[in-house]
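Q: Please take a close look at one part of this protein. I would like to see how a single position sits within the whole.

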Amino acid sequence: MASNFKMHICRKGRRLNVRLAGDFDGMSACELLNILRENGEGVRQVLVNTSGLKTVYSFGRDTFEKNLHLLKDQSFRLVFTGQKASNVAPERNMFF
């Protein structure tokens with residue numbers, strides 16, 4: 001994981017807010033997936049705010065997208081917001 005990567009997680013009812021900061025690499029992608037798996041139970045929507053990211057490495061995005069299958073048991077809608085949303089979000093809209 002990038003040494004400056006951080007996540008702030010806040011659950012409000014059936015919504016989970018995740019704010020990303022720092023650099024998003026392959027290990028950061030794995031950490032995000034783990035957080036979503038661990039906190040996704042009973043959640044209807046996950047908002048991932050990317051405004052705090054400095055750099056999004058293509059390997060990070062690829063790692064995230066290739067491992068989305070790990071969330072197949074979840075039933076939430078994953079929504080990316082912020083300036084780097086298009087750099088992190090999967091190519092296609094993903095509903096779980």
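Is G52 buried or exposed, or does G52 count as partly exposed?

A: G52 counts as partly exposed, because its relative accessibility is 32%. Buried means under 20% relative accessible area, exposed over 50%, and partly exposed in between (1.4 Å probe, protein chains only).

Some ground rules come with the model. The model is predicted, so local features need pLDDT of at least 70, side-chain atom pairs count only at pLDDT 80 or more, and totals for chains, interfaces and linings use all residues. Residues are numbered from 1 along each chain as its sequence is written, and side-chain values use heavy atoms, with hydrogens and water left out.

Now the position itself. G52 lies in strand 3. Strands (E, at least two residues) and helices (H or I, at least four) are DSSP runs, numbered from the N terminus. Leaving aside residues up to four places away in sequence, G52 touches L20, A21 and G22. Contact here means heavy atoms within 4.5 Å. R19 is 33 residues from G52 in sequence, yet their C-alpha atoms are 7.3 Å apart in space.

L20 leads on to the core. The largest nonpolar core has 23 residues, and L20 is among those with the most contacts inside it, along with F24, L36, V46, F64, L78 and F80. Strand 2 (15–24) and strand 3 (45–56) each give two or more residues to this core, as do helix 1 (26–39), strand 4 (77–81) and helix 3 (85–88). A nonpolar core is a set of buried Ala, Val, Leu, Ile, Met, Phe, Trp, Tyr and Cys residues joined through side-chain atoms within 4.5 Å.

F24 has a list of its own. Again leaving aside residues up to four places away, F24 touches L53, T55 and V56, among others, and the list also includes F5, A29, L32 and F64.

E31 is found in helix 1. E31 counts as partly exposed, because its relative accessibility is 30%. M7 is 24 residues from E31 in sequence, with 9.1 Å between their C-alpha atoms.

Step back to the whole chain. The protein chain has three helices and four strands. Their order along the sequence is β-β-α-β-α-β-α. Of its 96 residues, 42% count as buried. Among contacts with a separation of 6 or more, 74% join residues 24 or more positions apart. The C-alpha atoms fill a box of roughly 30 × 25 × 20 Å, taken along the principal axes.
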